[in-house]
Amino acid sequence: MTTAEIVKTSLALDGGAPVRSADDPLPTPRPRIISPEAAGMVREVLDSGFTLDLTSDFETAVAEASGAKYGVAVANCTAAIHSVIGGLGYGPGDEVIVSAISDYGSVAGVVMQGAKAVFADVDVRTGLVTAETIEEVITPRTRAIIAVHFYGLMCDMDPIVELARRHDILVVEDVCQAMLAGYKGRVAGGVGDIGCFSFDAGKLLPTDNGGMAISDDADVIAAIRKFAVDRGADDLGPLGREHNGIGFNYRFGDMESAVGLAQLKILPDQLKRRVELAERFTAKISDIEGVITPRVPEGQVHLHWLYPLQFDLEQFRVDASQMGEALSAEGLNCSPAMYYLIPHSHKFLPDREADVERLVNARTHLERTVRWGFTEKYTERDIDDMATIVAKVTDAYRR
């Protein structure tokens with residue numbers, strides 16, 4: 001059966017045959033591809049009786065790969081951002097601007113330290129904050145900006161950094177989904193003042209668990225390390241430690257560092273493959289009327305940790321959630337994206353209902369979006385079938 005003939009068949013939701021059945025599923029991000037060197041490096045840690053210091057090596061390797069001088073490895077990205085906020089002393093009376101579209105980790109540390117999270121709206125096409133949307137919510141109490149590189153695409157950082165410098169505001173890049181994403185010859189995490197990373201099992205550089213903060217500023221790194229590793233203490237040498245502030249035990253281990261060092265060696269080739277596959281998929285669906293493909297600004301590299309597929313809903317009889325159900329039934333397992341509107345899904349936040357109403361672009365972006373975890377494991381046939389699935393579902397639901 002040709003692609004054109006498949007597109008005209010009944011949807012799987014209506015009893016038709018899916019494009020990809022459970023017997024022939026599309027690849028998924030997990031199980032992850034693990035470097036063949038990882039097991040040997042973990043064995044070295046075990047054989048040493050935990051006397052190696054691979055964590056320092058991993059901190060240096062990630063910082064250098066991302067264009068920064070220093071790194072502090074911690075338990076996860078939530079811990080990294082919390083340690084930035086806590087280590088630099090932000091708290092009650094301070095405001096931290098956060099991308100409206102993100103996840104718990106971007107906002108938890110702000111709330112935990114008693115500072116106020118102020119949400120900036122986004123560009124409706126990319127889902128990313130811009131200098132213009134950030135400037136709308138800057139006040140005299142603003143101390144930092146957390147710019148989230150969502151989906152695997154970096155925010156337009158030069159105008160954001162310029163704006164922050166005018167107002168003497170710290171710029172934190174949340175690189176959880178975009179490690180080694182490119183921006184005008186630079187790399188995610190190395191453009192603002194601090195970059196924060198995740199290395200959990202689902203991220204681009206998986207170590208099972210973990211995160212990191214990087215910076216060119218040695219004093220900033222020292223403050224983060226004191227908060228996250230030294231538990232708020234100063235080392236007094238033989239006399240012990242003096243705790244002159246609250247800190248946490250967010251330490252990262254040599255076992256994870258061993259895996260991370262091995263994974264870092266294979267990551268560039270994996271990312272190159274992801275970009276090639278995503279570009280192929282985007283090209284194949286870009287002519288489907290009513291489909292809005294990801295926009296990749298000139299000079300940037302989009303890594304598509306998630307692939308955001310958007311719809312011009314005026315052209316269809318169903319909403320994005322129903323589109324997602326139909327796509328999933330055809331074998332492309334995806335989900336609606338509304339969870340990622342932080343004030344919508346994080347019910348512990350004050351003023352959340354007012355924020356949801358205010359964040360018009362973010363709400364619009366997510367209401368018309370479904371997303372799934374993209375993977376470098378796709379074949380060309382997989383990409384072709386994914387495009388066929390999109391064409392089939394949109395054809396069936398078109399007004």
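**Charge pairs and overall build of the chain**

With a relative accessibility of 15%, Asp 385 counts as buried (buried is under 20% relative accessible area, exposed over 50%, and partly exposed in between, with a 1.4 Å probe and protein chains only). The setting is a predicted model, in which local features need pLDDT of at least 70 and side-chain atom pairs count only at pLDDT 80 or more, while totals for chains, interfaces and linings use all residues. Residues are numbered from 1 along each chain as its sequence is written, and side-chain values use heavy atoms, with hydrogens and water left out.

The partner of Asp 385 is Arg 381, and their closest N and O atoms lie 3.5 Å apart in a salt bridge (a side-chain nitrogen of Lys or Arg within 4 Å of a carboxyl oxygen of Asp or Glu). Both residues sit in helix α14 (residues 380-397), four residues apart, so about one helical turn separates them. Arg 381, at 43% relative accessibility, counts as partly exposed. Through shared partners, salt bridges join Arg 20, Asp 24, Arg 381, Asp 382 and Asp 385 into one network.

Altogether the structure holds 26 salt bridges. One of them pairs Asp 158 with Lys 184, with 3.5 Å between the closest N and O atoms. This pair links distant parts of the chain: Asp 158 belongs to helix α7 (residues 157-167), and Lys 184 to the loop between β6 (182-183) and β7 (186-187), 26 residues apart. Asp 158 is partly exposed at 29% relative accessible area, and Lys 184 is partly exposed at 47%. Another salt bridge brings together the side chains of Lys 226 and Asp 234, at 3.2 Å from N to O.

Along its principal axes, the C-alpha trace spans about 80 × 55 × 35 Å. Buried residues make up 56% of the 399 residues.

How values were computed
Helices (H or I, at least four residues) and strands (E, at least two) are DSSP runs, numbered from the N terminus.
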